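Please open the model in a viewer and follow the stops below in order.

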Amino acid sequence: MKIDAFCHIMPRPYYDRFFELDVAVHAANLRKRVSNIPSLVDMDLRFAQMDEFGDYRQIINIAAPPVEDLGSPAISKEMARIGNESMAELVRDHPDRFAGFTACVPMDDPDAAVAELDYAVEELGAYGAQIYTHVNGRPMDDERFEGFYERMAASGGLLQVHPCRSSAWSDYPTEPRSRYEIWWTFGWEYDLSAFMARIVFSGVLERHPDLKLLIHHGGSMVPHFAGRVGPGWDQLGARTPEDQKEDVEGYPLTKRPIEYFKQMYVDTAMFGAANAVRCSIDFYGVDHVLFGSDSPYDPERGPGYIRSTIKNLQEVGLTEAEQDTIFHGNVTRLLGLTAKA
């Protein structure tokens, strides 16, 4: 059995409304992208692609862009509700395909995000929520999100974290836009890593140790720079002049910074890079890695990353028991899933 814990969808009602909206340029960039991936919305095609993998189900979430990028807070709330009710219907109608879903939440209105999380979890059966690495450029350790993190931790569900950046985030201060899609290839990974660091140093995990963060793309840069994250950040402040001391003063932590990073969970969505998957497993440990493919964003527009990720996990030296733990054991344990919904 394989349960894909991080893959994307646009149910038909959400998709249709999304393409009716007059969105900003950065959202329009991603609208171009999703319009070329039919299996985001065509379930017959999606199921035909999934058939290749036998006993395989998905936990679905709403594909980027974030609802916060689609307009006003009222639009965010509207789109989150459409997305959640549509995903819940897909899970009810196709339990053999979808093991569950995580909620779309309008984080540009934190109170509305808490209310939508409660509705999605308690009324629709969501297994958590998906958020992004910033809200319209605002950091996710802002104190206005504290109530959301508190509620999320209490729910026991997964909080999936997805990167978010557009070409408007230039590579150099002297340039108006990022070139060569560097904003995506490297920028999204920086965003994930910066999110994780801010969550650590602001004390979110110190205050809410039960918060189950599922970081996309294998924990991004963190496992690959473990020496900097570990002994490097043990020397926090050594590089900062006295007149900038407030920049390194955060919430009082009771453990080394690296230990908070290791509290997080990560997926295996590394786009076929087996060495990167192995690095993430070595850093986080088998018990903190969940099978996730990032489907359907591969060059085949559906099955490619599923296939390559399965192959990666079978070739990086894991025992059969360890593979089972990553393929389905961890997500089943964390969310209390049954063998078939």
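A search of the whole structure returns one cavity of 30 Å³ or more. Here a cavity is a set of points, on a 1 Å grid over the protein atoms alone, where a 1.4 Å probe fits but cannot get out; the points are joined across faces, edges and corners, and the volume is the space filled by probe spheres set on them. The model is predicted: local features need pLDDT of at least 70 and side-chain atom pairs count only at pLDDT 80 or more, while totals for chains, interfaces and linings use all residues. Residues are numbered from 1 along each chain as its sequence is written, and side-chain values use heavy atoms, with hydrogens and water left out.

**First stop: the cavity**

Select Ile62, Ala63, Pro65, Pro66, Val67, Glu68, Cys104, Val105, Met107, Gln130, Ile131 and Tyr132, which line the largest cavity; lining residues have an atom within 4 Å of a point. Its volume is about 80 Å³. Strand S5 (residues 128-132) supplies the largest share of this lining, three residues. Strands (E, at least two residues) and helices (H or I, at least four) are DSSP runs numbered from the N terminus.

**Second stop: salt bridges**

Side chains of opposite charge can pair when their charged atoms come close. With a salt bridge defined as a side-chain nitrogen of Lys or Arg within 4 Å of a carboxyl oxygen of Asp or Glu, the count comes to 17.

Select Arg12 and Asp16, whose closest N and O atoms are 3.4 Å apart in a salt bridge. The two are four residues apart in helix H1 (residues 12-18), so about one helical turn separates them. Asp16 is partly exposed at 36% relative accessible area, and Arg12 is partly exposed at 44% (buried is under 20%, exposed over 50%, partly exposed in between; 1.4 Å probe, protein chains only).

Because Glu122 lies in helix H5 (residues 110-122) and Arg151 in helix H6 (residues 146-155), the pair ties together parts 29 residues apart in sequence. Glu122 is exposed, at 54% relative accessibility.

Finally, select Arg256 and Asp234, which meet in a salt bridge at 2.7 Å, N to O. Both lie in the loop between helix H10 (226-232) and helix H11 (257-261), so the pair ties together parts 22 residues apart in sequence.

Key:
1 Å grid on protein atoms, 1.4 Å probe; cavity = no way out; pocket = protein on both sides within 12 Å on 5 of 7 lines; lining within 4 Å.
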